[in-house]
Number of protein chains: 2
Amino acid sequence: MNARKQFRAPQGLKLKENAAGEKPLSSGDKVKDQARVADLAEQIAAYQDIFYAEHGRKLLVLLQGMDTSGKDGTVRGVFGKLDPLGVRSIAFRAPSIDEREHDFLWRVHAQVPAQGQTVIFNRSHYEDVLVPAVHGKIDAEECKRRYRHIREFERMLCETGTVMVKFFLHISKEEQQKRLQARLIEGDKHWKVDLGDLEERKYWDDYQRLYEKAIAETDSDEAPWYVIPADSKTHRNLAIAAIMVEVLQDMKLAYPPPNPDYFKIQVS
Amino acid sequence: MNARKQFRAPQGLKLKENAAGEKPLSSGDKVKDQARVADLAEQIAAYQDIFYAEHGRKLLVLLQGMDTSGKDGTVRGVFGKLDPLGVRSIAFRAPSIDEREHDFLWRVHAQVPAQGQTVIFNRSHYEDVLVPAVHGKIDAEECKRRYRHIREFERMLCETGTVMVKFFLHISKEEQQKRLQARLIEGDKHWKVDLGDLEERKYWDDYQRLYEKAIAETDSDEAPWYVIPADSKTHRNLAIAAIMVEVLQDMKLAYPPPNPDYFKIQVS
C-alpha cells in the first residue's frame, strides 16, 4: 500500500461530490478500521518521539477543508497521542485588525515549527486567499500573486528543514448538511455552532472551484497536497494516519548517536 | 482525600531531602498506582473537553523543579491525554538576547492561555529569579522586587479569568545523582544530557534555599504552590493528577447551554 500515491492531488484535480464518500483503505469493517487508526496513531507518536530527540528537522501538517469537514476530529484522532512536549496545534481564525495590517503570511510565519517540533495548522494561510476570493474582495490577479507568495514561502520552509504535509478534507455538500443539522439538533453541540457557517455554505460551488485552483497552484513535491475523502470520519483518519506514517518512515529518523565522552563521566 | 491540602506549600516551608521520597497517596502497589494515574489522566482530559467548550476561563499549570525532577515526564504522564486542540506546553529555555532586552515577564506574558486554553509552563518566570540569584547576578533586593512583580503579574492573571496551579517537583540530591548518571550510562539518552546540569548541581543547597524563598514569596490562594515529592515518578504523577482533578472539579465546569433558536434552523 502506498497511501501517499493514492491520495496525492492529481494534476488538474476536479473535486467530485461522490469522491468524498470513497473508502479505498477500508477493510469493510468499521471496528477493524478504528483499531487500525489507533495503531497508526501510536506509530506516529512513537516516530514523533525520535523526531523530537533528533532535534533537527521540523514537521508542519496543514489541514484545510470546508466547515465540519473534520479538522478538529483529525487533530484528536490522528495526532491525539503525540507528546504535548513536541506538538502544537494552531487554529487560525479570522484575522485581527493588527494581523490584517500585515501581509497575510505574517501571523502564519510566527507559528511555524522549530527544530524537533510538530505543528498542526488547523486552517492556514490558504483561508486568506479562499475567503476573500469567494466574497469578491480580491481579484484573480491578486489570487495568483498570493499563490506565488505561498509557493515561495512554503518552498523556503522546506529548504530550511521543514517537512510539510498538506491535507484537504473533502466532504460532500450533503454530508455537510447532515453535520450542520446534527449540531443544531443536539443542544450540547450548540457551542460549536457558528451561524456564519450556514452563510458560507451558500458559496459551496465557488469554494470547490477555488480549492481546485489553490491545490493546483501550490502542490509540489516538497509541499504536497493530499485530497482525503472525508465523509467517513474513520476512513478520513485512516487515510491521514497512513500517509503520516509513510512520511515519518521516509524521514529515516534515528536517536542522535551517543557521545563517547559521556560514558566516562561520574556524577558526584 | 484532599490532595491539595496534603501538598500545599506550608508557611515557612523547609525543603527536606527525605521528604522527596514520601509517597502518602500510594496504595503500596506500583501497578495499581499507575492504573490510578491513567484513570486520573483520563478524567483530566474529560474535564478539559468541557473547559474548552466553555470557552471562558483559562488554565495555567506551572512546573518547576531541579534538573531531572520530572517536568517532561509530568507533561507526558498527567497531561498526555489532553486534546491537542486545547493544550499547549511551553518549555522556557535560557532567554535570548531579544528576550533579555525586555523585562523578564515579557516572553512569559506572550504565552499565557487564552479563554478555553490550557497551557503548561515547563519552567517559567521563576527561573529568571532563581538562576541569576544563585550566580550572584542579582542581589536580595532585586530578588524581592522580582517576586513582587511575579505576585502582581500572577494576581492580574487570576483576576482576569486564569486558574493557576504551581507545582514544585521536589527530588533529593541523591535521586538527581542517579538520574543524571543513568542518562550518561545509556547512549540512547545522551541527547538529553546537558553538561550545564552537572555544573548547576554544585549549587544544590543554594537552589533549595532559594526555592523555599521563592515559594514563600509567591504562594497565594489564587496562585498556590504545591510541593510534590518526586523521587518516585509514579507517585509524582499520582499527586499532580489528583490535585488537577480536584482543581477541575471545583471549577464546576459545564457545557454552554443550548440556544433555543438553533433547534428551529433547517440547513438547506
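How far apart should the ends of helix H11 of chain A be, given its 18 residues? In this predicted model, the helix runs over residues 233-250, and at 1.5 Å a residue it should span 26 Å. Just past the helix, A:Lys252 takes a positive phi of about 50°.

Now for the place where the two chains meet. Here 39 residues of chain A are in contact with 39 residues of chain B. Together the chains bury about 3,500 Å², and 64% of that lies on carbon and sulfur atoms. On the chain A side, the residues that lose the most area to chain B are A:Trp191, A:Tyr262 and A:Val267, which together make up 21% of what that side buries.

Charged and polar pairs turn up here too. Two salt bridges are counted between chain A and chain B. A:Arg76 forms a salt bridge with B:Asp83, and their closest N and O atoms are 2.4 Å apart. Across the interface, twelve residue pairs are in polar contact.

Which parts of chain A do the touching? The largest share, five residues, comes from H8(A). Sorted by class, this side of chain A has 20 nonpolar, eleven polar and eight charged residues.

Technical notes:
Residues are numbered from 1 along each chain as its sequence is written. Chains are lettered from A and ligands numbered from 1 in the order in which they are written. This is a predicted model: local features need pLDDT of at least 70, side-chain atom pairs count only at pLDDT 80 or more; totals for chains, interfaces and linings use all residues. Side-chain values use heavy atoms; hydrogens and water are left out. Contact means heavy atoms within 4.5 Å. Buried area is the accessible area (1.4 Å probe) that two parts lose on being put together, summed over both. A salt bridge is a side-chain nitrogen of Lys or Arg within 4 Å of a carboxyl oxygen of Asp or Glu. A polar contact is a pair of N or O atoms within 3.5 Å; within protein, one must be able to donate a hydrogen and the other to accept it, and residues adjacent in sequence count only if both atoms are side-chain atoms. Helices (H or I, at least four residues) and strands (E, at least two) are DSSP runs, numbered from the N terminus. Ala, Val, Leu, Ile, Met, Phe, Trp, Tyr, Cys and Pro count as nonpolar, Asp, Glu, Lys and Arg as charged, and the others, Gly among them, as polar. The expected span of a helix is 1.5 Å times one less than its number of residues.
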